[in-house]
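Hi,

Here is the structure I said I would pass on to you. Have a look at it first, and then read on for what turned up.

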Amino acid sequence: MAPVQKKLRAAWHAFVNGNESGLQTLRPIVRESWERCRRAGVNPYQKVVPTVLVPEALARRREKNREWLEIARPVMETLYRFVAGSGFVVAVADSEGYLLEVIGDKEVVQAIAKGNFVPGADWSEPSAGTNSVGTALIMNQPLQIFSYEHYCICSHRWTCSAAPIHDPDGNLIGVLDMTGSFEKVHPHTLGMVVAGADAIERQMAMKRAWRERDLANRIREALMESISEGILATDCNRRVIHMNQEAARLLGTKKERAVGLDVWKVLGGEGADWEAILSGQKFITDQEMDVATPWGTVKLTVTSRPIRGNDGQCEGIVMILNEITRARKLTQRMSGAVARLTFDDMVGEDPKFRECLRLARAAASSDSTVLLLGESGTGKDILAQAIHNASQRAKGPFVAINCGAIPRDLIGSELFGYTEGAFTGARKGGSPGKFELADGGTIFLDEIGDMPLELQTTLLRVLEQKVITRIGGSAVLPVNVRVIAATNRDLAAEVERGNFRRDLYYRLNVVTIRLIPLRERQGDIELLLWHFLERLGKQMGKYVRSVDERIWPLVRAYSWPGNIRELQNVVERALHLADGPALRPEHLPEEIRRVQNNLQVQKELLPVPDYEKQVILKLLEENKGNLSRVASQLGIARTTLYRKMAKYGLRYDQNHYNRTNQL
């Protein structure tokens, strides 16, 4: 027995018998380990490791550590090839000290198995005493344990060398071990094990890097394909290096065929602008460009940006391609071109009102032009949305424009759009009009009777030919639009006066629906009032559960010149004033209470039109001919008041108020 081994054996015997006089001959790492083993109650005389997992439990541990075990196995086999036939085994253990794999010379494997150095055995320090596997886990460093340095006698025949294994994040995940007879101890053995552990860690890091790179590529690919625009990228030699499926579709090619080709063979543009763009000398944003494809030239909106290297030089370009039609759809969504109301939002049980809805539902099933007639506030805009949502165009845009609210010199550009430079202040790149934005859906032309005569000719051409030309441009753009028009004017009378084109009137007057005023729907007033109380109450957080009986004669007596819109405004005002769960007469506007009190007798005796005339006369007299004040009290626009006065033959003089009755 070698002197070193004799000293170690003497020190071990003394220590396990309670005599620590020989500890000074031990390496500090071994001495500290023995002391931990004594405190843990490890039996130094045990001949086998006490804990060995059943096969099922071992299989679960192997599966838990499968990723790095797959990398470790080839390294273990390489190490074993270096020492095959020399009496060594190579093993790996997990982070808790359980052996997962053991390979080596058959006779050595069988011999070392007598102490339970087998897969599934627990070789942590608290289980097996001082040994390279368990102690390396505690110290988290490579080490070699020789013969009697082992705390338990089952390992005194062996020398083991081990090195910890860490994952790419630095976490301790296991141990690589090489064990052989104590006579064959050599410092190089530990060096081989350290190199093996390092190889495992490097391969894990490489595998993660490749996995992360592959994931990054997949994410990039997914991002490119999730973007609804066409994306094309080139290198500094103008070769296509990337293209998503949308770009391939727009250009009539396939990704696999296009990547690697000169961009000119993929993106067939013409002119100096294209040359400057593709060479990276010019960069554009949402510019309309003509692009040659296998099925002909198409117009796309193009955005280009440089790919710059670390030195700032252009190394290629990225281009974003969009169909003009898709740009329109995006603008439609951004501008809120959508109809939210349906027939379910139209409340009423009056027979004439229900007949109106029946006609509207029938009109929705066709693609014919619809003309809605009725006073202001009768719900023409709601009915237009309902018709759209019940039609085959429901998934398309719904674009509404009030022809009477736009300045005369701007309505043309609003309807038909304009090109860049069409007039002073025109937006760069031009702008689409409402007809373009409504492509594939419905356009609602409210107050069509107020459209300037010179634009009526253009509108007629659009309705007949289904094409538009932007102001200042020459390109003819097809549009697929269903038209719903509305007016509170008598268009037939306007035609006779020369204010409205006869041919346009006939073109619009395909399906005509007249909305009856609220004063002719007496039975619906109470129903609508409760409807607005409930809906507006939820929005405002104020809940009215009862209505004072004195209110019903008031609202039935009032003429509602502003119709349903006025009733809704009255209910909203009343909710603001209500201080409890009940609605009372004092919550109603003064004009409703005053007109009812003053004209109750006339109302009972006069027909509805005569009653409305008397209301206007009364207010004109009370306000000394101030039309703005009268219109405000009636809840209608001044233009509507003018029409009603003309209807009833009422005249006024700004300098001297005078009224006459010519009926």
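Below are my notes on a helix pair, some salt bridges and a few backbone angles.

One thing to keep in mind while you read: this is a predicted model.

Let's start with H7, the helix made of residues 132-139. H7 is mostly covered, with six of its eight residues buried. The buried ones are Ser132, Val133, Gly134, Thr135, Ala136 and Leu137. At the start of this helix, Asn131 points a side-chain oxygen to within 3.0 Å of the backbone nitrogen of Val133. After H7 comes Asn140, which has a positive phi, near 55°.

What does H7 meet in H2? Ile29, Ser33 and Arg36 of H2 are in contact with Thr135, Ile138 and Met139 of H7. By class, that contact has three nonpolar, two polar and one charged residues. H2 covers residues 28-40, and its axis comes within 11 Å of the axis of H7, with a crossing angle of roughly 100°. Angles of 65 to 115 degrees count as roughly perpendicular, so that is the word for how H2 and H7 lie to each other.

Next, the charged pairs. Side chains of opposite charge can pair when their charged atoms come close. How many salt bridges does the structure hold? There are 34 of them, and here are some to look up in the viewer.

- Arg73 and Glu101 form a salt bridge, at 2.9 Å from N to O. This pair links distant parts of the chain, as Arg73 sits in helix H4 (residues 66-83) and Glu101 in strand S2 (residues 99-104), 28 residues apart. Are the two partners buried or exposed? Glu101 has a relative accessible area of 15%, so it is buried, while Arg73, at 32%, counts as partly exposed.
- Asp214 and Arg218 make another salt bridge, and their closest N and O atoms are 2.8 Å apart. Both belong to helix H8 (residues 187-226) and are four residues apart, which is about one turn of the helix. Arg218 counts as exposed because its relative accessibility is 54%, whereas Asp214, with 36%, is partly exposed.
- Asp548 and Arg550 also pair through their side chains, at 2.8 Å from N to O. Asp548 is partly exposed, at 21% relative accessible area. The cut-off for buried is under 20%.
- Asp450, Arg489, Glu494 and Arg497 are linked together in a network of salt bridges.

Last, the backbone. Most residues other than glycine have a negative phi. Against that background, two more residues are worth a click.

Glu447 is not a glycine, yet it has a positive phi of about 55°. You will find Glu447 in the loop between strand S13 (442-446) and helix H18 (453-465). Its relative accessibility is 13%, so Glu447 counts as buried.

Trp560 has a positive phi too, near 50°, and is likewise a residue other than glycine. Where is Trp560 found? It is in the loop between helix H22 (551-557) and helix H23 (563-577). With a relative accessible area of 0%, Trp560 is buried.

Cheers

Methods:
Residues are numbered from 1 along each chain as its sequence is written. This is a predicted model: local features need pLDDT of at least 70, side-chain atom pairs count only at pLDDT 80 or more; totals for chains, interfaces and linings use all residues. Side-chain values use heavy atoms; hydrogens and water are left out. Axes are lines fitted to C-alpha atoms, for helices over the stretch in contact, and angles run from 0 to 180 degrees between N-to-C directions. Helices (H or I, at least four residues) and strands (E, at least two) are DSSP runs, numbered from the N terminus. Angles under 35 degrees count as roughly parallel, over 145 as roughly antiparallel, 65 to 115 as roughly perpendicular and the rest as oblique. Contact means heavy atoms within 4.5 Å. Ala, Val, Leu, Ile, Met, Phe, Trp, Tyr, Cys and Pro count as nonpolar, Asp, Glu, Lys and Arg as charged, and the others, Gly among them, as polar. A salt bridge is a side-chain nitrogen of Lys or Arg within 4 Å of a carboxyl oxygen of Asp or Glu. Buried means under 20% relative accessible area, exposed over 50%, partly exposed in between (1.4 Å probe, protein chains only). A polar contact is a pair of N or O atoms within 3.5 Å; within protein, one must be able to donate a hydrogen and the other to accept it, and residues adjacent in sequence count only if both atoms are side-chain atoms.
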